[in-house]
Structures are given as structure tokens and as C-alpha cells.
Amino acid sequence: MSSSEAENEPATGQGADLPAVAPQLRALRRRASLTLEAAARAAGLSPAHLSRLETGQRQPSLPMLLALARIYGTTVSELLGETVAERDAVVRAADMEPTAAGGWTYWQAGAPGHGMQALRVHVPHGSQGDIVRVHPGEEWLYVLQGRLRLRLADTTHRLAPGDSAHFDSLTPHRIAAQDPDGVELLFVHTLLQSPTATLCLGPTPGDMP
């Protein structure tokens, strides 16, 4: 939806009645660690129009709700404040199916539908060590087995089993296994809302020392 289309959305009190979505819109945007400007740009809205939605001066259309739900990593039902069935808080080891991506192996360690994602990750030696990642949100990791090289901006940290790190994901970062057998991690991050192209900047001059 374009900004011009968005500006034609009905003001509060016009058109079909909708639940009071303003508080949810603001809360979910903040949960997604997005600024007003970033969320508006991703949804094809002006920041002023999104601000009016969040303060209840305007009611969003269904296409707008769909766009915002996608950007915030949630559902239209949650945007509308509807009660959803209680999620299972426990994830059993037998239910953790491995998924391979980019040379890494992931196991889901948390329930879906939340603002954070928890994973168990195996990073092989020599895999993706030259990829720099930058994206909104926060990351926390804990080394279970092996040794890790973590590059945050211009500083390299070496982490051993039992070490952990918690950092702002807008800090350019690289993760690499130091040992030939790779490294095993517990990894928690806020859901990625940016396209992949903006998350991985590719190799930078000089590999991790």
C-alpha cells in the first residue's frame, strides 16, 4: 500500500467499527524493536499517518493490518487485541527438528508466536565467518560446547563454554567457530524484521584474527 492510499483511510468514527487497536499497534512495534519511521517505511505509510493510527486518530484498513502484522512478526488477531489460545510453554527435545541454513544447523528451543526466538545452534568451523550481520533488535548467546569468535564492530571476543554475550544487533557482528569441531550455542534474538539483504553485509576487508 502506498502512502497516498494510506492517507485516504477513514478517520476514527468513519466506516466500519474496529476494536481499539492503537495501544496494540504501538506495543507490538516496540516489541519488534522498530522506530516509528522504520515501521512506517516498511508498511508504505508516512510516519505521521502511522502515528495517527497509534494514537487512535485513524483506524487501519484490513490491508494495512495485514502489512503491519507481517512487519511486526505477529497476526491480525493479535493486532486487534483478540485473545489467542494459550501457547505451550515447554518445548521437548524430541520435538526439536534440526534445520540447516547457510551451513549452520538450528533447533527451535522456544515456542512460536513470540517477540523473541530461542534456538540451539551448531556453527561448523569455517562457516559464514566472513558475513557481517546488522539488523534491529537484540541478541543473546551462550556457548555450550567448543570455542567461539565473536566480532562486535572492531573488537574480537573469544568465548569458551559457559561464556555468554548480549548485544544490540545494530552493532555489526560476525560469529565463527574457533575449533575444527565447530561450536554449539544457545541463541536468543528478537525476531528479524528486515529483508535478508539488509542483514548480511558480506565479507569485509580483513578476516577475523
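Is Ser33 buried, exposed or partly exposed? With a relative accessible area of 31%, Ser33 is partly exposed. Keep in mind that this is a predicted model.

**The chain overall**
- Of the 209 residues in the protein chain, 39% are buried.
- Take the contacts between residues at least 6 apart in sequence: 68% of them join residues at least 24 apart.

**H3 against H4**
- Two packed helices are described by the angle between their axes and the distance between the axes.
- Helix H3 covers residues 36-43 and helix H4 covers residues 47-54; their axes come within 8 Å and cross at roughly 105°.
- That angle sits in the 65 to 115 degree range, so H3 and H4 are roughly perpendicular to each other.
- On the H3 side the contact uses Leu36, Glu37, Ala39 and Ala40, while H4 brings in Pro47, Leu50, Ser51 and Glu54.
- Sorted by class, that makes 5 nonpolar, 1 polar and 2 charged residues in the contact of H3 with H4.

**The buried face of H3**
- The buried residues of H3 are Leu36, Ala39, Ala40 and Ala43.
- Look down the axis of H3 and those buried residues fall within an arc of 100°, so they line one face of the helix.
- As background, an α-helix has 3.6 residues a turn, so residues three or four places apart point the same way.
- Just after H3 comes Gly44, with a positive phi of about 75°.

**H2 against H4**
- Helix H2 (residues 22-31) also pairs with H4: the two axes come within 7 Å and cross at roughly 120°.
- H2 and H4 are therefore oblique to each other.
- In this pair, Ala22, Leu25, Arg26 and Arg29 of H2 meet Leu50, Leu53 and Glu54 of H4.
- By class, the contact of H2 with H4 has 4 nonpolar and 3 charged residues, with no polar ones.
- Leu50 and Glu54 of H4 turn up in the contact with H3 and also in the contact with H2.

- Most residues other than glycine have a negative phi, which is the background for the next two residues.
- Ser33, back from the opening question, has a positive phi of about 60° although it is not a glycine.
- You'll find Ser33 in the loop between H2 and H3.
- Ala153 is another non-glycine residue with a positive phi, in this case near 55°.
- Ala153 lies in the loop between strand E6 (148-152) and strand E7 (155-159).
- With 40% relative accessibility, Ala153 counts as partly exposed.

**Glu138 and its contacts**
- Glu138 belongs to strand E5, which spans residues 138-145.
- Its relative accessibility is 42%, so Glu138 counts as partly exposed.
- Leaving out residues up to four places away in sequence, Glu138 touches His166, Phe167, Ser169, Val188, His189 and Thr190.
- Glu138 and Leu170 are 32 residues apart along the chain, and 8.0 Å separates their C-alpha atoms.

Conventions:
Residues numbered from 1 in each chain as written. Predicted model: local features only at pLDDT ≥ 70, side-chain atom pairs only at ≥ 80, totals over all residues. Heavy atoms only, no water. Buried < 20%, exposed > 50% of the residue type's maximum accessible area, 1.4 Å probe, protein only. Contact = heavy atoms within 4.5 Å. Axes fitted to C-alpha atoms, helices over the stretch in contact; angles between N-to-C directions. Helix = DSSP H or I, 4+ residues; strand = E, 2+ residues; numbered from the N terminus. Parallel < 35°, antiparallel > 145°, perpendicular 65-115°, else oblique. Nonpolar A, V, L, I, M, F, W, Y, C, P; charged D, E, K, R; others polar. Arc of directions from axis to C-beta.
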